[in-house]
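Please keep the sequence and the structure in view while reading.

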Amino acid sequence: MADVTYRESVAEGIAREMRRDPTVVCLGEDIGAAGGVFKTMAGLYDEFGPRRVWDTPISEQAIVGAAMGAAMTGIRPVAEIMFSDFLACCWDYLANEIPKVRYMTGGQVTVPLVVRTANGGGLGFGAQHSQAVENWAFTVPGLKIAAPSTPADVVGLMASAIRSDDPVVVFEHKGLFASKGPAAPPDHVVPLGEANVVRRGADVTVVALASTVPIALSAAEQLAAENIDVEVVDLRCLVPLDMRTVLESVRRTSRLVVVEENPYQGGWGATVVSVAADEGFELLDAPVVRVAAECVPLPFADALEDEVIPSTAKLADAIRRLSSY
Amino acid sequence: MATDTDATALAAELLDLYEQMAVIRRTEKAAQDLFLAGLVKGTTHLAAGQEAVAVGASAALRPDDYVFATYRGHHHAIARGASPEACLAELMSRSTGLCKAKGGSMHLTKADSGMLGSYAIVGSHLPMAVGAAWSATLRGTEQVAVAFFGDGATNIGAFHEALNLAAVWKLPVVFVCENNLYMEYTPIGSVTAVANPAADRAAAYDLPAEVVDGNDVLLVRNAVARAVTKARAGDGPTILEALTYRHFGHSRTDPATYRPADEVEAWLARDPLTIARARLAELGTSTAAADERAERTVAEAVEAAKAAPPADPAEAFTDVWADGGAAWRT
């Protein structure tokens, strides 16, 4: 079977769920006939029509707030927030409403919705359209978070996210939209909270997510030539966070590097390494290392942006230093 | 010309609405007393004085319609069937509380009768009501969603986003502003560009609006019934602005000294219970028995709530996820 793009897998993943469940309905800006600004919704309007694929005004609060009200009353909405930076425009719903309503009503309601959003940098979109903000969602108990790195995982995680009775934020990485990989088999479902060991290695564990998975794999390739055997764990989800798989890997390698695209300051890797330090201290033969974005707004020029976000070279350097510790 | 039968039916209905208001009034008074006695922690935002909005609107709804309310929402929970005992138990952090003592005064919810929550971020629930109305149209159920909100909510973005989307999608939603003239401690008129903070915004979204006497339970019921009929018929949203007044301050022990004495006096004379009682007297019906029942119901609710066990600390770790648990990692 020919390889498919990450981009077309987004539409494929949503379409599969819309075919099996008539209560799955999409809403967002430019997602109808336009197919989404990243064309991640291409074909859905044609197949499912205006009763299942709804164009909205530029009203992030209305989009996510309406999705919440619909989710509480028998619909499974899939809401698109065009760029993840715009989550700030409806942050009340992600921080105060959606994750809390089930809890603060004593379990009287459920909110089975998906908020999908294009996340991350590397494309020269500047400081307000390039951020990796998965760590924003990671600060809020009550949200599940998926961030696929391959076309098949896009489909498999989308299936789990849409079928979940809990709210799930799906971060689709802009830098991966054009990437290709094997198509998802029929009925492909990747459970939320199961990390994937995508490369076996004996010397160093690298924990990665979404865009940093290909970075970790290319660093591993490079270091293999230097006799450094790198294991790469693709977390796939931040919540549930599969620390069991991470700690099992560290048990084999005794060394841990986390590579994340959100800023070092407040990034999700801090939680991963704190659990590793707390529960895996005896497994470690070296300090834990985080490779993350620099703590500045994302700059525009390529030369500047490349300086700020994690790269294969930066990660390879960190792994080299750690393996010789 | 009203017949005797009409008058009898009206008296019976009004007496029922009166009794609901009387129960709410006494529950709010009990909440205040329990707060002052230190048995209710945190905060309360009492709706005494605004009972006619909740009771009148509820009377115009189907049992399966949806209601979204604000942190000043005790009256809406009770009007949609929550018991005073469960509400007061919630306020007093008891295990028998309406939300298992995980919500508190600001988040009373009775989802099994369509009261889908009380929200404490001003204006946040208007888009939710729009979503519930959207859901009703998608499922073809002819349900209507009602969002109750204060005058202060009309100046936040979510209000405007909700009105626009509801209008564009022509959804069965009724926006009911409880204009009690003050956003917290500040007169709404001093921070709003228009005289009627909700109704005067309707034109911007090409929506019909009506200003109604929010202290007359029958007028509220009639106005909501008109809006609901329209919504159910597929003719889109309506904005209602119900003029009303708080009998207590904004929250906790606020004495509301920022309100002029003559204004307070004039509004207290227009107490929704007084108005309903006067109308019932005209119809030859006494409220004595209803008052007595309300008094007893709430007194018993207070005692039962006081006697209930405190919240079990283990409850802190339930109800985050749909599976009932709170696990965030393996």
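Pro263(A) stands opposite Ala293(A) in β14(A), a strand that covers residues 289–293 and is joined by four bridges to β13(A), the two running parallel. The model is a predicted one, in which local features need pLDDT of at least 70 and side-chain atom pairs count only at pLDDT 80 or more, whereas totals for chains, interfaces and linings use all residues. Residues are numbered from 1 along each chain as its sequence is written, and chains are lettered from A and ligands numbered from 1 in the order in which they are written.

**Terms for strands, helices and burial**
- Helices (H or I, at least four residues) and strands (E, at least two) are DSSP runs, numbered from the N terminus, and two strands pair if DSSP finds at least two bridges between them.
- A residue is buried if 20 or more other C-beta atoms lie within 10 Å of its own, exposed if 12 or fewer, and partly exposed in between, with C-beta atoms placed from the backbone.

**Strand β13 and its partners in chain A**
- Strand β13 (residues 256–263) of chain A is mostly covered, with eight of its eight residues buried.
- Strand β10 (residues 204–208) of chain A also runs parallel to β13(A), joined to it by three bridges, and here Val207(A) is placed opposite Val258(A).

**The seven-stranded sheet of chain A**
- Seven strands of chain A form an open sheet with mixed pairing, in the order β3-β2-β4-β5-β7-β6-β12.
- Its edge strands, each of which pairs on one side only, are β3 (53–55) and β12 (237–239) of chain A, and the twist from one strand to the next averages 20°.
- Within this sheet, β5 (residues 114–119) and β7 (residues 168–173) of chain A run parallel and are joined by six bridges, with Ala118(A) opposite Glu172(A) of β7(A).
- Helix α7 (residues 151–163) of chain A lies across β2 (24–28), β4 (76–83), β5, β6 (144–146) and β7 of chain A, and runs at about 155° to β7(A); axes are lines fitted to C-alpha atoms, for helices over the stretch in contact, and angles run from 0 to 180 degrees between N-to-C directions.

**Two domains in chain A**
- Chain A is divided into domain 1 (4–181) and domain 2 (196–323), with bounds that come from an automatic or database domain assignment.
- The centres of these two domains of chain A, taken over C-alpha atoms, are separated by 26 Å.
- Domain 1 of chain A gives 26 residues to the contact and domain 2 of chain A gives 23 residues, where two residues are in contact if their C-beta atoms, placed from the backbone, lie within 7 Å.
- On the side of domain 1 of chain A that touches domain 2 of chain A, the elements that give two or more residues are α6 (134–138), β6, α7 and β7 of chain A.

**The contact between chains A and B**
- The contact takes 40 residues from chain A and 39 residues from chain B.
- On the side of chain B that touches chain A, β2 (115–119), α5 (125–139) and α6 (157–168) of chain B each supply at least two residues, and α5(B) gives the most, with ten residues.

**Helix α3 of chain A and Phe86(A)**
- Twelve of the twelve residues of α3(A) are buried, so this helix is largely enclosed by the rest of the structure.
- The cover over the buried residues of α3(A) includes β2, β4, α4 (91–97) and β5 of chain A, together with α5 and α6 of chain B.
- Phe86(A), found in the loop between β4 and α4 of chain A, counts as partly exposed because it has 19 C-beta neighbours inside 10 Å.
- Leaving aside neighbours within four places in sequence, Phe86(A) is in contact with Glu60(A) and Ile81(A).

**Positive phi values in chain B**
- Ser93(B), in the loop between α4 (84–91) and β2 of chain B, is a residue other than glycine with a positive phi, near 60°.
- Asp206(B), in the loop between β6 (186–187) and β7 (209–213) of chain B, has a positive phi near 55° and is exposed, with 11 other C-beta atoms within 10 Å.
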